[in-house]
Amino acid sequence: MTDIRSLNRPLILGLGALALVRPLTRIVGSQLGIEHHSAVTISITVLITVVWIAAVGLSRNTAPVLTLVLAGLAYGVLSIALSGVLSPILDGSLRGPLANPVAIIPVLATNAVWGLVAGGLALALQRARGVRPPANPESR
């Protein structure tokens, strides 16, 4: 089992912050009056997912699934905070999950599942590359 203290926190926060490209693209587009198509959102999500998988799957990260689940949760928290800060400025009132706290859990759960799927793919990439977890001294 991975010790939570051994996780790469800067990587987790960095990947979570990278995913803020999704809401920032939508916000900038709406401020410029650009209609936002779902294909753009899907493309950005796929690109972020590929970056997440590559960043963790091409490394020797010992906990790729947990790392990306936590990156997904970090993104969820950061996007909720971003919404809480920007919606009053841009819309004149609080919108998003902080305005409807019942939505916080689904936002976090959805992003944790996103991280879980990406983490599973990163783990598969590591295994395909021949990277194996370090031997567990407790199992000897």
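**Close-up 1. Arg95 and its salt bridge to Asp91 in the predicted model.** Arg95 is partly exposed, because its relative accessible area is 46%. Its partner in a salt bridge is Asp91. The closest N and O atoms of the two residues lie 3.4 Å apart. Side chains of opposite charge can pair when their charged atoms come close.

**Close-up 2. The crossing of helices α2 and α3.** Helix α2 spans residues 21–31, and helix α3 spans residues 38–57. Their axes come within 10 Å and cross at roughly 155 degrees. An angle over 145 degrees counts as roughly antiparallel, so α2 is roughly antiparallel to α3. The crossing is right-handed. From α2, the contact uses Val21, Arg22 and Thr25. From α3, Thr41, Ile44, Thr45 and Ile48 take part. By type, the residues of this contact are 3 nonpolar, 3 polar and 1 charged.

**Close-up 3. Val117 of helix α5 and Val65.** Val117 sits in α5, the helix of residues 104–128. Its relative accessibility is 48%, so Val117 counts as partly exposed. The cut-off for exposed is over 50%. Val117 and Val65 are separated by 52 residues in sequence. In space, the C-alpha atoms of Val117 and Val65 are 8.1 Å apart.

Methods
Residues are numbered from 1 along each chain as its sequence is written. This is a predicted model: local features need pLDDT of at least 70, side-chain atom pairs count only at pLDDT 80 or more; totals for chains, interfaces and linings use all residues. Side-chain values use heavy atoms; hydrogens and water are left out. Axes are lines fitted to C-alpha atoms, for helices over the stretch in contact, and angles run from 0 to 180 degrees between N-to-C directions. Helices (H or I, at least four residues) and strands (E, at least two) are DSSP runs, numbered from the N terminus. Angles under 35 degrees count as roughly parallel, over 145 as roughly antiparallel, 65 to 115 as roughly perpendicular and the rest as oblique. A crossing is left-handed if the near helix is turned anticlockwise from the far one by less than a right angle, and right-handed if clockwise. Contact means heavy atoms within 4.5 Å. Ala, Val, Leu, Ile, Met, Phe, Trp, Tyr, Cys and Pro count as nonpolar, Asp, Glu, Lys and Arg as charged, and the others, Gly among them, as polar. Buried means under 20% relative accessible area, exposed over 50%, partly exposed in between (1.4 Å probe, protein chains only). A salt bridge is a side-chain nitrogen of Lys or Arg within 4 Å of a carboxyl oxygen of Asp or Glu.
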